Amino acid sequence: MTKIRITKQFTFEMAHALLGYDGLCQNIHGHSYHFDVTLIGEPIQDPASPKYGMIMDFGDLKRLVNEEVISAYDHALLLNDQSDKILVDTLLHHFEKIVLVPFQPTTENLLADFAKRIQKKLPSDVRLFSLKLRETDSSFAELYTDDNFDPSNPADIIW
Ligand SMILES: [Zn+2]
């Protein structure tokens, strides 16, 4: 059977600050992120299926990513959970979407987080192939499932 990759593209707005970083990104600032989700699988061969000929319904993929990623992070301020507690408490008091994460909120680390969230909700016959997160016109990070595959433990993907 022919393997096909499909990609759905998303955009969201998010602010972050990099704790302890030695440059401008230690300050709270925002990006218009472009996020691409690519799946790989075989088109459904059952003519009786309403999804006949599809890897996964683009509408279902859109809903999944919106629920698992976009709704959590769009128009949020993402901070490392080791950030100053007084600052965090003050922000939580004044704003709704302050998200504390147990990692430095870089584009790279966000991809690993997104991969975990998406992977666990995918149908069993479809595989996550890659994710791409663009932070600026000239900067993006990519995650490929195959780069994180441990041959000694094939059931495990290391994110
Ligand atoms: Zn940034």
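Visitor: Which residues have the most contacts inside the largest nonpolar core?

Guide: Happy to start there, and please keep in mind that this is a predicted model. The largest nonpolar core has 19 residues. At least two residues of this core come from each of β2 (29-41), α1 (58-73), β3 (76-80), α3 (107-119) and β5 (127-136). Those with the most contacts inside the core are Val-37, Leu-111, Phe-114, Leu-131 and Leu-133.

Visitor: What is the order of the strands in the open sheet?

Guide: Let's build it from the pairs. β1 (residues 4-16) and β2 pair in the antiparallel sense over 13 bridges, with Thr-11 opposite His-34 in β2. β1 also pairs with β3, in the parallel sense over 3 bridges, where Ala-15 has Leu-77 as its bridge partner. The open sheet has 6 strands with mixed pairing, in the order β4-β3-β1-β2-β5-β6.

Visitor: Which strands stand at the edges of that sheet?

Guide: Look for strands with a single partner strand, so that one side is left without a neighbour in the sheet. On average, neighbouring strands of this sheet are turned by 30° against each other, direction ignored. The edge strands are β4 (98-101) and β6.

Visitor: How far apart are the end C-alpha atoms of α3, and what span should its 13 residues have?

Guide: At 1.5 Å a residue, the 13 residues of α3 should span 18 Å. The distance between its end C-alpha atoms agrees with this, at 18 Å.

Visitor: What arc do the buried residues of α3 cover around the axis?

Guide: The buried residues of α3 are Leu-110, Leu-111, Phe-114 and Ala-115. They lie on the same side of α3, because the arc they cover around the axis is only 140°.

Visitor: What covers the buried residues of α3, and at about what angle does α3 run to β5?

Guide: The cover over those buried residues includes α1, β5 and β6 (139-144). α3 lies across β2, β4, β5 and β6, and its angle to β5 is about 145°.

Definitions and conventions:
Residues are numbered from 1 along each chain as its sequence is written. This is a predicted model: local features need pLDDT of at least 70, side-chain atom pairs count only at pLDDT 80 or more; totals for chains, interfaces and linings use all residues. A nonpolar core is a set of buried Ala, Val, Leu, Ile, Met, Phe, Trp, Tyr and Cys residues joined through C-beta atoms within 7 Å. A residue is buried if 20 or more other C-beta atoms lie within 10 Å of its own, exposed if 12 or fewer, and partly exposed in between; C-beta atoms are placed from the backbone. Helices (H or I, at least four residues) and strands (E, at least two) are DSSP runs, numbered from the N terminus. The expected span of a helix is 1.5 Å times one less than its number of residues. The arc is that of the directions from the helix axis to the C-beta atoms. Two residues are in contact if their C-beta atoms, placed from the backbone, lie within 7 Å. Two strands pair if DSSP finds at least two bridges between them. Axes are lines fitted to C-alpha atoms, for helices over the stretch in contact, and angles run from 0 to 180 degrees between N-to-C directions.
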